[in-house]
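Reader: I am new to this structure. Could you walk me through how to read its features, step by step?

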Amino acid sequence: PGDVDPGAGYGYPGELAATLIAENALQEKIRALAAAVAADHDSEQPPLLVCVLKGAVMFVTDFARAMPIPCELEFMAVSSYGSATSSSGVVRILKDLDRDITGRRVVIVEDIIDSGLTLSWLLKNLASRGPAAIDVVALLRKPEAVKVEVEVRYIGFDIPTDFVVGYGLDFAERYRDLPFVGLLGEHMYR
Ligand code: 5GP
Ligand code: MG
Ligand code: MG
């Protein structure tokens with residue numbers, strides 16, 4: 001009950017198999033993550049949040065608003081070549097940061113770590129720009145799928161390897177607007 005068709009009320013009837021992480025669970029976790037990151041920073045050196053577009057956009061807006069200390073926002077867009085549901089590790093910058101990050105404490109805000117290839121490329125790229133520190137906060141991680149070890153300090157949820165959508169995550173640009181994370185019905189991509 002309550003989860004008969006999670007996408008129906010949002011214009012996606014019959015497309016999602018189930019809710020994986022409900023809206024209230026997401027919001028509760030985001031408040032905890034914001035408190036944890038804030039505890040490791042201070043107002044003297046406010047963290048520079050680097051949101052990785054587009055998937056992390058919902059996460060960063062809720063996360064920034066849950067932070068009990070000031071933070072600044074930057075956006076970066078990268079594309080990682082591969083099929084629709086997996087990445088190859090070949091990364092291209094679609095939109096770079098607007099600012100120099102030299103001496104800044106950077107916190108990369110990611111939606112999901114699957115193979116870890118995109119993030120490991122991004123960490124190297126940003127590290128070469130001379131920040132004071134770089135940490136990563138990722139809302140979701142698929143532990144079984146990690147191909148490269150990446151140091152991620154703050155993790156929201158470890159999830160199974162199934163393809164998920166919602167809360168910023170898309171399949172062919174759809175479903176980003178859902179306020180929860182759900183499992184896409186297999187009939188939608190198989
Ligand atoms: P990685 O390079 O870690 O394999 O993949 C990172 C990117 O692939 C994520 O930022 C996300 O855009 C996409 N991705 C990986 N797993 C999923 C998933 O289950 N659902 C969706 N919608 N995108 C995913
Ligand atoms: Mg991402
Ligand atoms: Mg995508």
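Reader: Is proline 6 buried or exposed?

Author: A residue is buried if 20 or more other C-beta atoms lie within 10 Å of its own, exposed if 12 or fewer, and partly exposed in between, with C-beta atoms placed from the backbone. Proline 6 has 22 other C-beta atoms within 10 Å, so proline 6 is buried. Before we go on, this is a predicted model, in which local features need pLDDT of at least 70 and side-chain atom pairs count only at pLDDT 80 or more, while totals for chains, interfaces and linings use all residues. Residues are numbered from 1 along each chain as its sequence is written, and chains are lettered from A and ligands numbered from 1 in the order in which they are written.

Reader: Where is proline 6, and which residues does it touch?

Author: Helices (H or I, at least four residues) and strands (E, at least two) are DSSP runs, numbered from the N terminus. Proline 6 sits in the segment before strand S1 (16-21). Two residues are in contact if their C-beta atoms, placed from the backbone, lie within 7 Å. Not counting residues up to four places away in sequence, proline 6 touches Leu16, Ala18, Thr19, Phe180 and Gly182. Take phenylalanine 180: 174 residues separate it from proline 6 in sequence, yet the two are 9.1 Å apart in space, C-alpha to C-alpha.

Reader: What about aspartate 5 in that segment?

Author: Aspartate 5 also lies in the segment before S1. With 14 other C-beta atoms within 10 Å, aspartate 5 is partly exposed. Pro13 and Gly14 are its contacts, leaving aside neighbours within four places in sequence. From aspartate 5 to arginine 105 there are 100 residues along the chain, and their C-alpha atoms are separated by 42 Å.

Reader: Where is leucine 178, and is it buried or exposed?

Author: Leucine 178 is in the loop between strand S8 (164-165) and strand S9 (181-184). There are 24 C-beta neighbours inside 10 Å, so leucine 178 counts as buried. Its contacts, leaving aside neighbours within four places in sequence, are Tyr10, Val165, Gly166 and Tyr167. Leucine 178 and glycine 9 are 169 residues apart in sequence and 9.8 Å apart in space, C-alpha to C-alpha.

Reader: How do H1 and H2 cross?

Author: Axes are lines fitted to C-alpha atoms, for helices over the stretch in contact, and angles run from 0 to 180 degrees between N-to-C directions. The axes of helix H1 (residues 23-39) and helix H2 (residues 57-66) come within 8 Å and cross at roughly 55 degrees. Angles under 35 degrees count as roughly parallel, over 145 as roughly antiparallel, 65 to 115 as roughly perpendicular and the rest as oblique. H1 and H2 are therefore oblique to each other. On the H1 side, the contact is made by Gln27, Ile30, Arg31, Leu33 and Ala34, and on the H2 side by Asp62, Phe63 and Ala66.

Reader: Which peptide bond is cis?

Author: The one from leucine 53 to lysine 54, with omega near -10 degrees. Lysine 54 is found in the loop between strand S2 (48-53) and H2.

Reader: How many residues does the largest nonpolar core have?

Author: A nonpolar core is a set of buried Ala, Val, Leu, Ile, Met, Phe, Trp, Tyr and Cys residues joined through C-beta atoms within 7 Å. The largest one here has 46 residues, and Val50, Ile108 and Val109 have the most contacts inside it. Valine 50 touches residues including Glu74, Met76, Leu97 and Val106, not counting residues up to four places away in sequence.
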